[in-house]
Amino acid sequence: MQKPIYRRIVLKISGEALAGERGFGINQDTLNSIADQIKEIHDLGVEIAIVVGGGNIWRGRNSDQMDRATADYMGMLATVINALALQDALENRDVQTRVQTAIEMKEIAEPYIRRRAIRHLEKGRVVIFAAGTGNPFFSTDTTAALRAAEIEAEVILLAKKVDGVYDSDPVKNPNAQKFESLEYIDVLNRGLGVMDSTATSLCMDNKTPIIVFGINEPGNIKKVIFGENIGTFVKGG
């Protein structure tokens, strides 16, 4: 029987992916589909940590009339809403889940503690990291890169609405070309929309590979886990 090629992963799910076709809020059908895919790989023995975005509820950097730090803190709270929704969907599928937040809110989640997170993973629990890094001016992409390094994840799976990295916006340009693989430095030099520069640099420093793929196609997470060539693979030279 074929075995997964990754033992421990960080799955980064954007807020936009949770919104589905609606573009805002949480689409229950999309949430259920993502939870089904996560359960599928969890049942294979993969240790799964998840970082969720909050752009489907609030995107701090788009607020030009609000103090940036305040807007970013609001965005962190939005990620907690998404994390709790995802936790509920997973536990409805009998997948033990823990939410850990970088901003303490003990009534609904654990505080982020690295050793505790690793222990949860070793016990087969899915860990959802919410509230970003707990600091303004840092994206959830940076959170994914940081947490991946901290828990020694083998790869970051960047689940998006688009099916990879393109040389231009495929929504606006039907002739946009998709990359099968890239190096970190190419992403930085060309300003490609994989992760922000801080997150990409952190992955480059820690040699953490990134796979960018489309989350809307059922079974894609499992395909990536088994090493199928979908999406775009970002690594060092």
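Me: Where does Arg 93 lie in the chain?
Reply: Arg 93 sits in the loop that runs between α3 (68–91) and β3 (97–101). Helices (H or I, at least four residues) and strands (E, at least two) are DSSP runs, numbered from the N terminus. Before we go on: this is a predicted model, where local features need pLDDT of at least 70, side-chain atom pairs count only at pLDDT 80 or more, and totals for chains, interfaces and linings use all residues. Residues are numbered from 1 along each chain as its sequence is written, and side-chain values use heavy atoms, with hydrogens and water left out.

Me: Why is Arg 93 called buried?
Reply: Its relative accessible area is 18%. Buried means under 20%, exposed over 50% and partly exposed in between (1.4 Å probe, protein chains only), so Arg 93 counts as buried.

Me: What makes the link between the side chains of Arg 93 and Asp 36 a polar contact?
Reply: The two side chains are joined at 2.5 Å. A polar contact is a pair of N or O atoms within 3.5 Å; within protein, one must be able to donate a hydrogen and the other to accept it, and residues adjacent in sequence count only if both atoms are side-chain atoms. The 2.5 Å of this pair meets that limit.

Me: Which residues does Arg 93 touch, not counting those up to four places away in sequence?
Reply: Arg 93 touches Asn 32, Ala 35, Asp 36 and Lys 39. Contact here means heavy atoms within 4.5 Å.

Me: How do you know whether Thr 142 is buried or exposed?
Reply: Thr 142, found in helix α5 (residues 140–151), has a relative accessible area of 6%, so the word for Thr 142 is buried. The side chains of Thr 142 and Asp 196 make a polar contact of 3.4 Å. Leaving out residues up to four places away in sequence, Thr 142 touches Asp 196, Thr 198, Ala 199 and Leu 202.

Me: And what about Ala 153, buried or exposed?
Reply: Ala 153, in the loop between α5 and β6, is buried because its relative accessible area is 11%. Apart from neighbours within four places in sequence, Ala 153 is in contact with Arg 8, Ile 9, Val 10 and Ala 148. As for Glu 40, it is 113 residues from Ala 153 in sequence and 19 Å away in space, C-alpha to C-alpha.

Me: What makes β6 largely enclosed by the rest of the structure?
Reply: Count the residues: 5 of the 6 in β6 are buried, so the strand is largely enclosed.

Me: How do you know that β6 pairs with β10?
Reply: Two strands pair if DSSP finds at least two bridges between them. Strand β6 (residues 155–160) and strand β10 (residues 210–214) have 5 bridges, in the parallel sense. Ile 156 is partnered by Ile 210 in β10, while Leu 157 stands opposite Ile 211. Strand β1 (residues 8–13) also pairs with β6 in the parallel sense, over 5 bridges, and there Val 10 has Ile 156 as its bridge partner.

Me: Why are β4 and β9 called edge strands?
Reply: The open sheet of 9 strands, with mixed pairing, has the order β4-β3-β5-β2-β1-β6-β10-β11-β9. Strands β4 (110–111) and β9 (181–183) each pair on one side only, and that makes them the edges.
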